[in-house]
Amino acid sequence: MNLDSSPEVEAIQFRFYREAPAWRKLQMVAELNRAAQELALSGIRQRYPEATPEEHRRYLADLLLGPELAAKVYGPLPIPTVREPDDQP
């Protein structure tokens with residue numbers, strides 16, 4: 001299944017996952033979700049460096065909930081600030 005793991009290592013990993021208690025499996029899923037959200041926020045910060053942290057979270061909501069639901073819950077997306085070429089510092 002994994003291209004970068006030997007079949008022996010993969011068997012150990014699967015045994016660990018099968019034998020892990022439910023609370024540990026839920027904890028692993030929560031950690032993966034947090035990591036995915038942090039990666040998404042990092043991309044949003046790079047795309048919208050002028051936006052506030054609140055605006056970054058609103059863009060994240062758009063990704064997680066979809067545009068329609070995010071707009072209903074949080075309002076419209078902020079209009080990104082566009083810099084003109086001569087505005088560069």
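The secondary structure here is four helices and zero strands. Along the sequence, that reads α-α-α-α. Please keep in mind that this is a predicted model.

Some totals for the chain. It has 89 residues, and 19% of them count as buried. The chain exposes about 7400 Å², with 59% of that area supplied by carbon and sulfur atoms. Take the contacts with a separation of 6 or more: residues 24 or more positions apart account for 9% of them.

Which residues of α3 are buried? They are His-56, Arg-58, Tyr-59, Leu-60, Ala-61 and Asp-62. The cover over the buried residues of α3 includes α2, residues 22-47, and α4, residues 67-74. After α3 comes Gly-66, and its phi is positive, near 95°.

Next, the surface. There is a nonpolar patch made of Leu-63, Leu-64, Leu-65, Leu-69, Val-73 and Tyr-74. Together these residues have about 590 Å² of accessible area. Both α3 and α4 contribute, each with at least two residues of the patch. One member, Leu-69, sits in helix α4. Leu-69 counts as partly exposed because its relative accessibility is 41%, which falls between the 20% limit for buried and the 50% limit for exposed.

Now the aromatic rings. Searching the whole structure gives two aromatic pairs. In one of them, the ring centres of Tyr-48 and Tyr-59 are 4.1 Å apart and the planes are at 5°, so this pair is stacked. The pair links distant parts of the chain: Tyr-48 is in the loop between α2 and α3, while Tyr-59 is in helix α3, 11 residues apart. Are these two tyrosines buried or exposed? Tyr-48 has 24% relative accessibility and therefore counts as partly exposed. Tyr-59 has 9%, so that residue counts as buried.

Last, the charged side chains.

Arg-24 and Glu-31 meet through their side chains in a salt bridge, at 4.0 Å from N to O. Arg-24 is partly exposed, with a relative accessible area of 24%. Glu-31 is partly exposed too, at 37%.

Then we return to α3. Glu-54 forms a salt bridge with Arg-57, and the closest N and O atoms are 3.6 Å apart. Why are they about one helical turn apart? Because the two residues are three positions apart in helix α3. Arg-57 counts as partly exposed, at 47% relative accessibility.

In helix α4, Glu-68 and Lys-72 are four residues apart, which means a separation of about one helical turn. Their side chains meet in a salt bridge of 3.6 Å, N to O. Glu-68 counts as exposed, at 60% relative accessibility. Lys-72 is exposed as well, with a relative accessible area of 64%.

To go back over α3: this helix has buried residues, among them Tyr-59, and it also supplies at least two residues of the nonpolar patch. Tyr-59 is the residue that stacks with Tyr-48. The helix holds the Glu-54 and Arg-57 pair as well.

Note on methods. Residues are numbered from 1 along each chain as its sequence is written. This is a predicted model: local features need pLDDT of at least 70, side-chain atom pairs count only at pLDDT 80 or more; totals for chains, interfaces and linings use all residues. Side-chain values use heavy atoms; hydrogens and water are left out. Buried means under 20% relative accessible area, exposed over 50%, partly exposed in between (1.4 Å probe, protein chains only). Contact means heavy atoms within 4.5 Å. Patches are made of residues with over 30% relative accessible area and no salt bridge: like charges are joined within 9 Å, nonpolar side chains (Val, Leu, Ile, Met, Phe, Trp, Tyr) within 5 Å. Accessible areas come from the Shrake-Rupley method with a 1.4 Å probe; for residues, only the protein chains shown count as cover. Rings of Phe, Tyr and Trp (its six-membered ring) pair if their centres lie within 6.5 Å; planes under 30 degrees apart count as stacked, over 60 as edge-to-face and the rest as tilted.
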